[in-house]
Amino acid sequence: MAHKLDELQQKQLQQAEELLFSGPQEVGFAKELFMGKFLREAIFPYPVLSEAERRAGDAALAEVKSFVAAKIDPVRIDREADIPLETIRGLGTAGVLGATIATEFGGRGLSQQNYCRIMQVIGGHCAATAVFVNAHHSIGLRALHLFGTEAQKQTWMKPLARGEKIAAFALTEPEAGSDAANVQTTATPSADGKGFMMNGQKRYITNGGIAQVLTVMARTPDSKDPDGKVTAFLVTPDMPGFEVVEARMPKCGIRGTATARLAFKDMYVPKENILGPYGKGLRVALTVLDFGRTTFGASCTGAAKFCLQKAVEHANLRKQFGKTLGEFQLVKQKIAQAAANTFAMESATIHTAALIDRGAEDFMLETAMLKVFASDALWTIVNDTLQLYGGAGYFNDQPFERMMRDARINMIGEGANDVLRCFIGGVGLRHLGQEMLDISKHPWRVGLMRRPNPPIPVAHARLQPAVAQFSHQIAQFARQCQRVLIEHREDVVNQQYVLARLGDTAMELFVAGCVYSRMVSLLSSLNHSPQQLRRDLQAGILYMNSSHRRNAHRLAELADNDDAEETRTADAFLGSS
C-alpha cells in the first residue's frame, strides 16, 4: 500500500528536481523507451567519424599503442603500487592527458569518440593507468574545461593538458559517497569577504595525494536553504591547511593509482577559485561524471576485448579429454556471451561518446546505463576467462587475477551500480509520469496510453526476428512502467526492487538499440572483411536475443518474485521487527 513520503524524502526529491531537471530536458532514446517509443532519429545513423577525425584518431591511436606497449608495465605497476612519474609524463607527451582539450590550451583537440578509442587501448593494457587517466582528464581537467573562467583556464589548463601537473576530483567523504548531496566539508566566507575558510575531509580520492590542482566540493551558506548549497572550488596543495592524511590507501585492485585521504583545516581559498556558479557544485559534479562514465565504458570495453582474445586463443590451444577446450559447449557458451557483450559494450560506448561530440544537452541516462552495463559485463567476462584458464588463471603469471581485482572497482566508482539502477528507473518513470499527469488533465488523449509496438525499420531479413521481439518488448516495458506508477504513485521512489528491475530492463533495451543501429551500419558498409562482418553480426544478434530473454525474466518478476520473503529474511538477520 502506498504511503506518503516523510519530510526528509520530500526534501531529497525537491533537491533532485532542482539538480537533475532544472536545465534543458532533451528528448532522447533512453527516456523515450519508458514511453514505449523507438526514437529512430536518436539512434540512427550509427556514429561514424569524418575522414579528418578518423585520420586524427588513427594518428593518436598509433602513438598511444606504441607508448603503452613500450612504457606501461601493468605487472610492475600492480606490484609496486605506483605509476612511475616517467609514465605519467609520457602520457602527457603522447597527448593522452589532454586528449579532448583544445590545442590552444595544450591539448590534442580530439573528439570524445577518438578519446574513447584511446581509452580502450589503455584499459585493455592496464586498468590502473586507465583509472588514473580518467580521474585526471574526464573528471578533473574536464571540470576546469567546462566550467572554468578564462583566468582559471589560463592559469592551469596548459600544464594539466601536457601532464606537467596532475588533476583530481574530490567529492567523496565519510558521509558522502553515492549520497553526493550529503557533503559535510564546509567553506565559510572569510571576514574580509575575499575568500572562504574550508574545513572538512575527503577520502577515496584518485590522484588526491599527487595532484597539483583539485576540484573540491564543499558546502557554502545559502540564504534560502539553512543547510547551504554545495559549491565547487579549485584547490592547490600549497594552500595552508591542506593536508594529505594518507597518500596511498592500500586496496584490492588498481593498486597503481594513488587513492588518498585529505583534510582541510581552516584552509583559505580565494573566491576567484570558485569553479562554476556558486551553489551549483553538484551540477558540476554530475556533469563531469557523465564524461567519466563514458570513458569508463571505453576502458571496460578494452579490457573485455583483451579477455575475449585470450579466451579464444586458449580455447583453441588447450586440450582436455582429447579435445580442444573450444569443442566443449560450456566453453563455447562463455566465449559467445563474452563476444556478444563486448560488441554491445563497444556499440553503446560509441553511441554515448557521439552524444557528447554533437553537443547533446542531456545524456545522463545513457551514461549511467553504459557505466552499469559495461562494468557488470566486464566482471563476468574476466571471471569467465579466468575460469577457462582453470588453475593457471588463478596464479599471477597470467594477468587475470590482477584484472579481476582491478575490475571490481568499476561497479563502485563514479556511482555504485545498484544506486544507478534505481536512478535510471526513477528518472525514466518521472518522464513517463509527467506524460500520464498531462493525459489525466486532458482525457481525450487517453489513447496515448495504449503503448502499441513501435515501428522499427528492418534493414535485412536476417534481423527481422530480433527486431520483432525488440519492438514487442519496448511496448511491454512501457505498459509495465505505467502499471507501476498507477500502483505505487509517489511511493515508487521507495520501491527499489521495482526500480532496479525497470532500470536494468531499460538499460538493456538502450544497449540493444545501439547494437541494432551498429548492425544496420555494418550491413551497408564496405569497410569490413566478410569474416569480421559475420562475427560482428552474429555477436549482435546473440546480444539482442540474450538481452530479450533477460528482460523477459525481469518483467515477469515484477509480478512473480520473492521480494517480500527476501525483505523478511533480511530483517530477521538485521534485527528489524
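Rings of Phe, Tyr and Trp count as a pair if their centres lie within 6.5 Å. With that in mind, welcome to this predicted model, where Phe29, Phe38, Phe44, Phe470 and Tyr516 form one aromatic cluster.

Across the whole structure, a search finds 14 aromatic pairs. Two of them are set out here.

| Pair | Distance between ring centres | Angle between planes | Kind |
|---|---|---|---|
| Phe291 and Phe363 | 6.2 Å | 85° | edge-to-face |
| Tyr394 and Phe395 | 6.2 Å | 85° | edge-to-face |

Let us take Phe291 and Phe363 in turn. Phe291 sits in helix H10, while Phe363 belongs to the loop between H11 and helix H12 (364-389), so their pairing ties together parts that are 72 residues apart in sequence. Phe291 is buried, at 7% relative accessibility, and Phe363 is buried too, with a relative accessible area of 8%. Tyr394 and Phe395, by contrast, are both exposed.

How do H10 and H11 lie against each other? Helix H10 (residues 281-317) packs on helix H11 (residues 329-357) at an angle of about 155°, and their axes are 9 Å apart. Angles over 145 degrees count as roughly antiparallel, so that is how H10 and H11 run relative to each other. The crossing of H10 past H11 is left-handed.

Sorted by class, the contact has 15 nonpolar, 6 polar and 2 charged residues.

Technical notes: Residues are numbered from 1 along each chain as its sequence is written. This is a predicted model: local features need pLDDT of at least 70, side-chain atom pairs count only at pLDDT 80 or more; totals for chains, interfaces and linings use all residues. Side-chain values use heavy atoms; hydrogens and water are left out. Axes are lines fitted to C-alpha atoms, for helices over the stretch in contact, and angles run from 0 to 180 degrees between N-to-C directions. Helices (H or I, at least four residues) and strands (E, at least two) are DSSP runs, numbered from the N terminus. Angles under 35 degrees count as roughly parallel, over 145 as roughly antiparallel, 65 to 115 as roughly perpendicular and the rest as oblique. A crossing is left-handed if the near helix is turned anticlockwise from the far one by less than a right angle, and right-handed if clockwise. Ala, Val, Leu, Ile, Met, Phe, Trp, Tyr, Cys and Pro count as nonpolar, Asp, Glu, Lys and Arg as charged, and the others, Gly among them, as polar. Rings of Phe, Tyr and Trp (its six-membered ring) pair if their centres lie within 6.5 Å; planes under 30 degrees apart count as stacked, over 60 as edge-to-face and the rest as tilted. Buried means under 20% relative accessible area, exposed over 50%, partly exposed in between (1.4 Å probe, protein chains only).
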